Amino acid sequence: MSAHAHAIAAEDHDHPVGSARLFSWVWLWLLLLTAVEVFLAYERLAPVLMLTILVGLSLIKSALIIAYFMHLKFERLGLFLILIPAMVFCICMMLIWFFPDSVRLMHMHSN
Amino acid sequence: MSETEFEGIVESPWSGGHSPFAVNSKKLGMWLFIVSDSLTFSALIVSYAWLRLANPAWPRPFEIWPAIAKSSLMTLILLSSSLTMVLGVAAAHKGEIKKAVRYLLATMVCGLAFVLIHATEWVTLFDEGVTPWSNPWHVPLFGGTFFGLTGLHMLHVTIGVAYLGVIAWGYSKGKWNADHVEVSGLYWHFVDLVWMFIFPMVYLMSVNPK
């Protein structure tokens with residue numbers, strides 16, 4: 001085993017992995033955001049606005065899950081860079097092609 | 001990370017450097033699976049959102065009881081299972097085998113509770129005449145998207161419970177190490193993450209406004 005591999009192994013054990021207290025706080029925030037979502041469901045908002053707010057809150061929740069529960073905040077930046085940007089790009093492409101059309105159809109049907 | 005993970009790495013000018021991401025191959029593999037699976041779910045969720053917005057007559061059948069109360073409870077259970085999972089991984093990395101296995105079992109119990117409550121939700125909808133092909137509200141796609149999305153997610157939870165069971169067994173026997181527990185945790189948190197999109201978009205977008 002090379003010295004370099006030893007250095008990596010040591011780094012892996014030394015880096016902060018989060019405490020039970022931190023994880024409990026993340027869990028509480030996730031519950032709080034969920035409660036806000038359930039509350040919003042009973043406010044009669046327009047579907048597009050409603051969908052935008054709900055997806056926005058869900059994105060915050062998934063960022064919390066990925067960063068803390070899935071530990072990505074504590075990994076090397078390189079791992080984040082090969083995984084997340086390409087995925088986000090693909091999802092954005094799906095949205096670009098779908099959404100203008102669905103909003104157009106919605107207005108067409110409601111007229 | 002166990003030291004044996006790095007044995008066998010042969011240095012060559014074309015090897016791309018030693019472990020540039022400082023994770024073992026299992027973890028990198030699981031992350032790549034998660035990225036591809038998240039694109040599968042994204043495609044389903046985006047097409048559902050398209051259908052939902054393009055149909056102003058989309059049914060809004062979910063009452064506070066049972067649908068919203070149950071699905072909120074399921075969300076609480078799944079989020080709590082992620083907490084027990086992450087605490088289990090932390091215990092495993094500290095070498096506290098009994099504690100880690102107990103947390104894994106707690107996570108599995110939560111997962112099973114999620115599936116069982118969800119099954120009762122499905123039965124309620126069947127009783128109302130909702131199938132993947134038809135429903136009383138004359139928007140057949142409602143059933144297709146609902147059962148498609150929640151069904152695929154439920155399948156993931158069921159597989160996750162089985163996966164955690166195998167890992168808990170092997171880890172308690174000393175067959176596998178804390179890395180295996182951590183990688184199974186990644187899968188479990190991902191299943192939780194997907195529900196964070198399905199719950200608001202499928203349930204909360206179709207609350208009965210009465």
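Student: Which residues in H1(B) are buried?

Tutor: Lys27(B), Trp31(B), Ile34(B), Ser38(B), Phe41(B), Ile45(B), Tyr48(B), Ala49(B), Arg52(B) and Leu53(B) are. The model is predicted, so local features need pLDDT of at least 70 and side-chain atom pairs count only at pLDDT 80 or more, while totals for chains, interfaces and linings use all residues. Residues are numbered from 1 along each chain as its sequence is written, with chains lettered from A and ligands numbered from 1 in the order in which they are written.

Student: What do the buried residues of H1(B) pack against?

Tutor: They pack against H3 and H4 of chain A, and against helix H4 (140–172) and helix H5 (178–203) of chain B. Helices (H or I, at least four residues) and strands (E, at least two) are DSSP runs, numbered from the N terminus.

Student: How do you know that the span of H1(B) agrees with its number of residues?

Tutor: The expected span is 1.5 Å times one less than the number of residues. For the 30 residues of H1(B), residues 25–54, that should be 44 Å, and the end C-alpha atoms are 43 Å apart, which agrees.

Student: Why is Leu83(B) called buried?

Tutor: A residue is buried if 20 or more other C-beta atoms, placed from the backbone, lie within 10 Å of its own, exposed if 12 or fewer, and partly exposed in between. Leu83(B) has 23 C-beta neighbours inside 10 Å, so it counts as buried. Leu83(B) lies in helix H2 (residues 64–93) of chain B.

Student: Which residues is Leu83(B) in contact with, leaving aside its neighbours within four places in sequence?

Tutor: Phe23(A), Ser24(A) and Trp27(A). Contact requires C-beta atoms, placed from the backbone, within 7 Å.

Student: What makes H4(B) and H5(B) roughly antiparallel?

Tutor: Axes are lines fitted to C-alpha atoms, for helices over the stretch in contact, and angles run from 0 to 180 degrees between N-to-C directions. Under 35 degrees counts as roughly parallel, over 145 as roughly antiparallel, 65 to 115 as roughly perpendicular and the rest as oblique. The axes of H4(B) and H5(B) come within 10 Å and cross at roughly 160°. The two helices are therefore roughly antiparallel to each other.

Student: Which element gives the most to the side of chain A that touches chain B?

Tutor: Between the chains, 48 residues of chain A are in contact with 46 residues of chain B. H4(A) gives the most to that side of chain A, with 15 residues.

Methods. Contact = placed C-beta atoms within 7 Å.
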